[in-house]
Amino acid sequence: MIVGVPREIKTNENRVALVPSGVEAIAADDHTVLVEAGAGQGSGFTDEAYAAAGATMVSEADQVWTKADMIMKVKEPIESEWPKMRRGQIIFTYFHFAASDVLTRAVVESGCVAIAYETVQLPSGELPLLTPMSEVAGRMAVQEGARYLEAQSGGLGLLLGGVPGVMPAHVLILGGGVVGTNAAKIAAGMGAKVTILDLSLNRLRYLADVMPANVTLLHSNRHILLEQLADADLLVGAVLLPGARAPKLVRREDLALMKQGSVIVDVAVDQGGCVETAKPTTHENPTYVVDGVIHYAVANMPGAVPRTSTLALTNATFPYARSLAGDGWRGACRASKPLLLGLNVVEGKVVYPGVADASGMKLYDPETLI
Ligand SMILES: NC(=O)c1ccc[n+]([C@@H]2O[C@H](COP(=O)([O-])OP(=O)(O)OC[C@H]3O[C@@H](n4cnc5c(N)ncnc54)[C@H](O)[C@@H]3O)[C@@H](O)[C@H]2O)c1
């Protein structure tokens, strides 16, 4: 098979879908890998490194799109890429179709086979190609929070871990899933006093077994939340209701309970945010202040650390990419139920319920197409 890796052209996207070590493994399987010059630059991978790994470097995106049987990307194809998609071509990337009706129509009309990272799903319910980005965002939430707690950023002037004889900062985390657990690990490792609120008792029991002693686990309800909010120096919003907007757990009036110069990092802002006053921001202009509380609400946090994010993402996507290259989309989806769930649109037919609901198009059963 010919596998193609175009350079990402969406604004501020510096990740790449395949790293040189992945190229080497796919080339060793006797496939051809076409990589557009500069594709790995934003993540620190040179053209020379790709060529040394066995990639055929090409100077134009069109050369990748016209020749490749499978396109590997990070972000959804943007409008200038739509005419390049063609019938039967596999496109393996994040699509987030529910967010864009026009993208859905373009992909349906192209006849390509769209396999979406975000809907590949394990029997446990885990979304293994979203997990790495939640890990990155959770860890970054504390790094960013610590920075904005510093006096020159307008924060309380607190060192997260304190020092001997001085109390550490209190990090309150709403939601103990992937983001929350990763935030807690970093905050606890830096010596902060950490509290996680979650609704799931089973999740709290698990976390009680694996978290260090400076992490307190509490069952989430409004009473406890308000009590904790008054003491928090850094609040991390990390709740998720699958398939729905985040619940607004912290209301505007609750900010009055918080300290002036305390910081909110609402990671859940990409699902609407769990803090009523959180509005999406960008890496160029990440924060604003409401009622004396600093808000950080960047919707694509992993974008700030493209090298780590690329490696984390490709570690997770690579095994699926390799089986798609080896067995074709039909064979790979027959062999893997998680990958079958990644099929969203097949040669003009919508095969994922969420995409059919959002677009109003007819839903086909993917099992009948493989
Ligand atoms: N901003 C970014 O760059 C970025 C990057 C990655 C993920 N995210 C977002 O972060 C959020 C969390 O993702 P995740 O992977 O950790 O999800 P997850 O499903 O692993 O965890 C969510 C947790 O929230 C808990 N929860 C639900 N309702 C709650 C409530 N009312 N009170 C307390 N806990 C509650 C659930 O029990 C679960 O443990 C999502 O919105 C995700 O899209 C954002």
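Modeller: A strand is a DSSP run of E with at least two residues, and strands are numbered from the N terminus. In this predicted model, V345 lies in one such run, strand β14 (residues 343-346).

Biologist: Is V345 buried or exposed?

Modeller: V345 is buried, since 27 other C-beta atoms lie within 10 Å, and the cut-off for a buried residue is 20 or more.

Biologist: And which residues is V345 in contact with, leaving aside neighbours within four places in sequence?

Modeller: V345 is in contact with V107, V108, A114, V350, V351 and V355.

Biologist: Let us step back. How is the chain divided?

Modeller: There is domain 1 (2-120 + 306-369) and there is domain 2 (131-304). Ten residues from domain 1 and eight residues from domain 2 make up the contact. On the side of domain 1 that touches domain 2, four residues are nonpolar, five are polar and one is charged.

Biologist: How many Å separate the domain centres?

Modeller: The centres of domain 1 and domain 2, taken over C-alpha atoms, are separated by 33 Å.

Biologist: Take A187, then. What does A187 touch, not counting residues up to four places away in sequence?

Modeller: A187 touches V142, L160, V171, A192 and V194. As a general point, nonpolar side chains tend to be buried together in soluble globular proteins.

Biologist: On to the ligand. How many residues surround the ligand?

Modeller: The ligand is surrounded by 32 residues, and S134, A137, G175, G177 and V179 are the closest. Two or more residues of this shell come from each of α5 (131-148), α6 (178-189) and β8 (193-198). By class, 20 residues of the shell are nonpolar, nine are polar and three are charged.

Biologist: Why is α5 described as largely enclosed?

Modeller: Of the 18 residues of α5, 15 are buried, so the rest of the structure largely encloses this helix. Its length also agrees with expectation, because 18 residues at 1.5 Å a residue should span 26 Å, and the end C-alpha atoms of α5 are 26 Å apart.

Methods
Residues are numbered from 1 along each chain as its sequence is written. This is a predicted model: local features need pLDDT of at least 70, side-chain atom pairs count only at pLDDT 80 or more; totals for chains, interfaces and linings use all residues. A residue is near a molecule or strand if its C-beta atom, placed from the backbone, lies within 6 Å of it. Helices (H or I, at least four residues) and strands (E, at least two) are DSSP runs, numbered from the N terminus. Ala, Val, Leu, Ile, Met, Phe, Trp, Tyr, Cys and Pro count as nonpolar, Asp, Glu, Lys and Arg as charged, and the others, Gly among them, as polar. Two residues are in contact if their C-beta atoms, placed from the backbone, lie within 7 Å. The expected span of a helix is 1.5 Å times one less than its number of residues. A residue is buried if 20 or more other C-beta atoms lie within 10 Å of its own, exposed if 12 or fewer, and partly exposed in between; C-beta atoms are placed from the backbone. Domain bounds come from an automatic or database domain assignment.
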